[in-house]
Number of protein chains: 2
Amino acid sequence: MLEASRMTPNAELEKRTENATAFQEIVAFRRSNRSFDPNIPVPESVIENGIRQAQLSPNSSNLQLWEFHWIHSPEALEKFVPLCLNQQAARTAQEMLVFVTRRDLWRKRAAWNLERVKEGIKGEPNGLQKSGLRYYGKLIPFLYAHDPLGFMALIHRLISFFMGLRKPFYRTAGVAGLRIVAHKSCALAAQTFMLSMASEGFHTCPMEGFDELRVKKVLNLPRGAEINMIVAVGRGTEKGEWGPRHRVPTEEVVFVH
Amino acid sequence: MLEASRMTPNAELEKRTENATAFQEIVAFRRSNRSFDPNIPVPESVIENGIRQAQLSPNSSNLQLWEFHWIHSPEALEKFVPLCLNQQAARTAQEMLVFVTRRDLWRKRAAWNLERVKEGIKGEPNGLQKSGLRYYGKLIPFLYAHDPLGFMALIHRLISFFMGLRKPFYRTAGVAGLRIVAHKSCALAAQTFMLSMASEGFHTCPMEGFDELRVKKVLNLPRGAEINMIVAVGRGTEKGEWGPRHRVPTEEVVFVH
């Protein structure tokens, strides 16, 4: 899988330089755009490819507690304009992708991962496989199982507190912490998707201004699902680019230790 | 800024195909690796470039409520091994990058953005500038200001509820919601960083298993800061790649509307 390391050193260096340059161009090209060209549709293959790449993003414990809802038909797109509070990016979007977290599916996904570990075992499990079995069979259920009254959260907190007194320990943070974990992983996928669109010459606008309750209802999502962000896609216009790309000075956000 | 649209159609198509192919290679190359080659250091320029690209990620209201703490010196790296619970990725990391959310800096960053809007105004403000002034001067303070007793959260909830009865409305979600917003933006930056490393032929491992309290203490961070994730960087080894890249079947996570 470490493709680069199987090349000759020269071919490897050339490939790395090429990809690094391309990535720089992709990052430079990706600007949030709020007004898409109505005459340039986004090929279906571009979105499909972007979703496929998004799915390959790293994510917490490989639980993949995410869903990708592609708003594609003209009727669905029209329905989403008011749900996104009539913002211009939504009004002019050629396609939209709704990134959804599904923290509620942890049991199913842990079981799925456990199956994958078991599949890999021929004869006696090796050390890595043994820890895989423990991880998906014991640790994940311990971290993810929560009751409505918060008893588990309290137990987690107490364990973290006492175990953490003398040496570093993982501090679990209840349901709020798990919500954040799911949103982080989903955002990693969203960024892969947006960069993928940029690599194909299309612009995006990640939107957080929407009516979450109504979006969940329209997508027929259960209570445990949450909307991470809605990404509008299309070919951006000059008008849709709201001024220069302002970033705070590096010394305010980068620290070297 | 829309570079592609200023090329001839043929040159544009060629560039898009090149970048799309490169991006596909980068995504395929990026695998979480848990054991880095001790003999292959990561050039400083590679990390610097990755941080610069991460800073260009989209983020909520351009508040840039993030910080990038580069763990670079051998002493600092050594200190982080136990903080990351002695996991192999930390033990073998050549460099680490700690992604931090700084929700507490919202006032400063809103003021900074307000300055940028004002700078752009020559004479009478146009429509976009007027909404920029309102956005950073009024809306952000309204959404971000919270009191310890949760009165503001209650007011937000009531407004959202009543305003949302008849038409779509943005549902604010108190401090918990703002924490999630900051973590999402920070994760977008983390993914840009990891893909940047992959574009340069290096591997990463995003870690969530660490002692957040102790990490914050070592980095001298205030109470309002949170650790988003810690990314270990190096040249991965075969041993560090834990088996195939399992993803749940597409039909379980992708839905077309």
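I began with β3(B) and strand β4 (residues 225-234) of chain B, which pair in the antiparallel sense over five bridges. For my terms: two strands pair if DSSP finds at least two bridges between them, and helices (H or I, at least four residues) and strands (E, at least two) are DSSP runs numbered from the N terminus. I then looked up B:Met207 and found that its bridge partner in β4(B) is B:Ile230.

A note on the source: this is a predicted model, where local features need pLDDT of at least 70 and side-chain atom pairs count only at pLDDT 80 or more, while totals for chains, interfaces and linings use all residues. Residues are numbered from 1 along each chain as its sequence is written, and chains are lettered from A and ligands numbered from 1 in the order in which they are written.

Next I traced the whole sheet: five strands form an open, mixed sheet in the order β5(A)-β1(B)-β2(B)-β4(B)-β3(B). Its edge strands, each pairing on one side only, are β5 (254-256) of chain A and β3 (203-207) of chain B.

I also checked strand β1 (residues 66-71) of chain A, which pairs with strand β5 (residues 254-256) of chain B in the parallel sense over three bridges. There, A:His69 stands opposite B:Phe255 in β5(B).
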